[in-house]
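Reader: I want a close look at one part of this model. Keep it brisk, and spell out your cut-offs as you go.

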Amino acid sequence: MPQKYETLGEALRRTRYELATINSNDIECEELVMAAHRKSSGGKINRMELFADFSHKISPSASVILDLMLQQRREGRPLQYITGVQKFLDHEYEVNPGVLIPRPETEGLVLTAIGKLRQEGIGAGTGIELGIGSGVISIELLSAFPCLKMISSELTEDAEKTARNNAVRILGVDDSKERLKISRAFDERNIFEPFEHILSGCKADFFISNPPYLSKDDTIEQAVLNHEPQEALFPPACDPFFFYKSITRDLRHFIKRGGFAFLEMPHERAGAIADIFRADGFDVRVERDLAGYERVLEISYG
């Protein structure tokens with residue numbers, strides 16, 4: 001029997017009670033209540049407003065939506081796929097099961113790139129991204145540099161649509177159309193092919209990617225395996241070095257001399273991945289994430 005919640009405060013208390021068995025934290029419970037309110041009314045409510053007026057009435061439809069959300073969460077569905085949104089750096093992004101859920105580690109990748117591009121004064125150039133997913137990397141870079149242009153590839157139609165929606169909402173229709181080009185990839189093994197016809201013989205100033213890098217032998221949360229897109233998690237033939245080896249082989253053909261590449265990588269294989277690029281003559285620098293793990297590879301093409 002669906003529960004009926006009269007107020008935001010009652011809905012929040014019930015949500016905490018219902019999710020106690022899966023050790024849900026308070027922030028997750030608050031996100032579900034706010035999402036139910038948003039989906040039922042079309043209007044947003046932030047955390048400050050939630051706590052400012054627990055007596056605020058909620059609609060019967062919000063009660064129904066919240067019950068459905070609670071059931072999905074108890075069944076192990078990721079919070080972000082239930083609420084449909086994920087905060088990433090300066091913006092809130094639409095996410096769905098067709099795209100990987102953006103993570104804090106990728107924020108480190110973007111911040112490393114922003115810092116280097118500012119330092120080198122190439123924020124008005126052109127960047128290329130392998131696998132745009134929800135769009136967080138390209139869109140945050142375009143937001144940080146108003147004169148930058150990005151060319152991104154994507155393997156799936158669902159992810160391309162999600163990225164375009166996020167770009168229009170965050171950058172605006174005109175900017176997203178003029179400054180972000182998304183090219184579909186039809187062969188995940190030929191990773192640079194989507195950029196060839198757009199670049200038309202020209203070269204980009206930098207390359208950036210959070211490529212699929214998991215191995216079947218890695219310890220992976222069950223919710224990730226059950227719900228997130230496999231093509232965004234595992235490289236071809238489940239070779240965790242596949243994309244890094246492919247990038248080092250062809251990178252010089254697609255970025256200018258004096259350009260850069262920025263790659264997210266699994267900390268367990270960070271040393272081996274850095275050695276792949278060193279062996280091919282690139283200068284590399286490894287950045288650690290907030291937990292102290294080696295997570296971002298900065299590559300210089302001198």
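Reader: What is the relative accessible area of arginine 285, and is the residue buried, partly exposed or exposed?

Author: Some ground rules come before the answer. This is a predicted model, in which local features need pLDDT of at least 70, side-chain atom pairs count only at pLDDT 80 or more, and totals for chains, interfaces and linings use all residues. Residues are numbered from 1 along each chain as its sequence is written, while side-chain values use heavy atoms, with hydrogens and water left out.

Arginine 285 is partly exposed, with a relative accessible area of 40%. The scale runs like this: buried is under 20% relative accessible area, exposed is over 50%, and partly exposed is in between, for a 1.4 Å probe and protein chains only.

Now its partner. Arginine 285 and glutamate 298 join side chains in a salt bridge, 2.8 Å from N to O. A salt bridge here is a side-chain nitrogen of Lys or Arg within 4 Å of a carboxyl oxygen of Asp or Glu. Glutamate 298 sits in strand β9 and arginine 285 in strand β8, 13 residues apart, and the pair links distant parts of the chain. Strands (E, at least two residues) and helices (H or I, at least four) are DSSP runs, numbered from the N terminus. Glutamate 298 is buried, at a relative accessible area of 3%. The pair is also part of a network. Through shared partners, salt bridges connect Lys116, Glu120, Arg285, Glu287 and Glu298.

At least two lining residues come from each of α6 (104–120), β8 (283–288) and β9 (294–301). The most come from α6, with six. By class, the pocket lining has six charged, five nonpolar and two polar residues. Asp, Glu, Lys and Arg count as charged; Ala, Val, Leu, Ile, Met, Phe, Trp, Tyr, Cys and Pro as nonpolar; the others, Gly among them, as polar.

The salt-bridge count comes to 21. One of them pairs aspartate 26 with arginine 16, at 3.4 Å from N to O. Aspartate 26 lies in helix α2 (residues 26–41) and arginine 16 in helix α1 (residues 8–18), so this pair ties together parts ten residues apart in sequence. Aspartate 26 is partly exposed at 42%, and arginine 16 is partly exposed at 31%. Another salt bridge joins arginine 73 and glutamate 28, whose closest N and O atoms are 2.6 Å apart. Arginine 73 is in helix α4 (residues 60–74) and glutamate 28 in α2, so the pair ties together parts 45 residues apart in sequence. Both arginine 73 and glutamate 28 are buried.

α1, α2 and α4 each give at least two lining residues. Its lining has seven nonpolar residues, one polar and no charged.
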